[in-house]
Amino acid sequence: MLSVEHVTKKYGNFTALEDINLVFESGVYGLLAPNGAGKTTLIKMLTTLLFPTRGRILWDGQNILSMGSEYRGLVGYLPQEFGYYKNYSPRQFLRYMAALQCMEPKAAKKRIDSLLELVALSDVKDKKMKQFSGGMIQRVGIAQAMLNDPKLLILDEPTAGLDPKERVRFRNLIHSLAKQRIVILSTHIVSDIETIAGKIIMLRDHALYCCESPAAICENLEGKLYEVPSDTALTGQELLLSERQAGDRTVLRIASDFPVKGAVPVSPDLEDAFLYIYREDTL
Ligand SMILES: Nc1ncnc2c1ncn2[C@@H]1O[C@H](COP(=O)(O)OP(=O)(O)OP(=O)(O)O)[C@@H](O)[C@H]1O
């Protein structure tokens, strides 16, 4: 179990995160917030690349900073900018990464073969990565993060640059990895996590806004969401969230605390909740 207790991070006088409290148990956690909200800062503290200014992070009750390499042995990490060698094949690259982790060569070979199978790259395991698509590179990155069979897998914006088909494949892969481990996945793209994350962590105003299931987050908007024709004049009490194509016409999705005449009540989804929660922020 991983717990974040009263963690604050300051960069000089600037407070990037203030008094964050979280508890992680196995399953997928989506860290969802607009750019600049502090996702990478939190992730870097969870991976010991940055230290909290105040507060502490515990793994099974022990401070991760005092655990040192023992803790890092439990963590798999795919950073936002994942460095790889274009002229290496996935197999060469993973062998190299395994050697850096001092894995025994025979065990490493077996593990690499099964990981390449898991991320569906066995067919291209000896091809140079310079020919790979963004999705294929991300899958090499995930295999790299999984080398030590981590108890805590952290993926920072792993779906950036993926096409829709690659995103679906990625979601399926994450789902299969989340059994018996904690997976923390940061993103600002709602659809990447709404079907796979058991809990969504939202940051707002440099603080924790919520850590709840997608259903619980949507529930807060229940009864407030409507669709109206696109030529409807909105009043100050109605908040435009998005537009959607319904057959051959466009409809507006709006949030309102009061019933709206002529509007069709609809059930909120996580995208609506995201837009509602960050309505005053520049997205
Ligand atoms: N080394 C640093 N020095 C000063 N300010 C920083 C530093 N790193 C990040 N920040 C600031 O802290 C805030 C949070 O940054 P962070 O990178 O954690 O956000 P993020 O949610 O991961 O955003 P993105 O998705 O754009 O990376 C931002 O306002 C950023 O400008």
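The protein chain has 9 helices and 14 strands. Helices here are DSSP runs of H or I with at least four residues, strands are runs of E with at least two, and both are numbered from the N terminus. This is a predicted model, in which local features need pLDDT of at least 70 and side-chain atom pairs count only at pLDDT 80 or more, while totals for chains, interfaces and linings use all residues. Residues are numbered from 1 along each chain as its sequence is written.

Some overall figures. Along the principal axes, the C-alpha atoms of the protein chain fill a box of roughly 70 × 45 × 35 Å. Of its 283 residues, 33% count as buried. A residue is buried if 20 or more other C-beta atoms lie within 10 Å of its own, exposed if 12 or fewer, and partly exposed in between, with C-beta atoms placed from the backbone. Among contacts with a separation of 6 or more, 67% join residues 24 or more positions apart; a contact means that two C-beta atoms, placed from the backbone, lie within 7 Å.

UniProt, in an unreviewed entry, places the feature "domain: ABC transporter" at residues 2–230. Such annotations may be inferred rather than shown by experiment, and the positions are in the numbering used here. Over residues 2–230 the chain is 32% helix and 29% strand, and the end C-alpha atoms are 47 Å apart.

Now to a sheet. What is the order of its 4 strands? The open sheet runs β2-β1-β4-β5, with antiparallel pairing. Its edge strands are β2 and β5 (62–63), each pairing on one side only. Two strands pair if DSSP finds at least two bridges between them. In general, strands of a sheet pair through backbone hydrogen bonds, either parallel or antiparallel.

Take the pairs in turn. Strand β1, residues 2–11, is joined to β2 by 7 bridges, and V7 has I20 in β2 as its bridge partner. There are 5 bridges between β1 and β4, where V4 stands opposite I57. Between β4 and β5 there are 2 bridges, and W59 is partnered with Q62 in β5. The hairpin of β4 and β5 has 2 residues between the strands, and D60 there takes a positive phi near 45 degrees.

Helix α1 lies across β1, β2 and β4 (54–59), at about 60 degrees to β2. That angle is between N-to-C directions on a scale from 0 to 180 degrees, using axes fitted to C-alpha atoms, for helices over the stretch in contact. Is α1 enclosed or open to the outside? It is largely enclosed by the rest of the structure, because 6 of its 8 residues are buried. These are K39, T41, L42, I43, M45 and L46. After α1 comes T48, with a positive phi near 65 degrees.

Next, the ligand. Around it are Y11, F14, A16, A33, N35, G36, A37, G38, K39, T40 and T41. The cut-off is a C-beta atom, placed from the backbone, within 6 Å of the molecule. Both β2 (14–24) and α1 (39–46) supply at least two residues of this shell, and α1 gives the most, with 3. The shell has 5 nonpolar, 5 polar and 1 charged residue.

Last, strand β11, residues 225–229. It pairs antiparallel with β13, residues 249–256, over 5 bridges, and L225 stands opposite A255. Strand β11 also has 2 antiparallel bridges to β14, residues 264–265, where Y226 is partnered with P265.

Technical notes:
Ala, Val, Leu, Ile, Met, Phe, Trp, Tyr, Cys and Pro count as nonpolar, Asp, Glu, Lys and Arg as charged, and the others, Gly among them, as polar.
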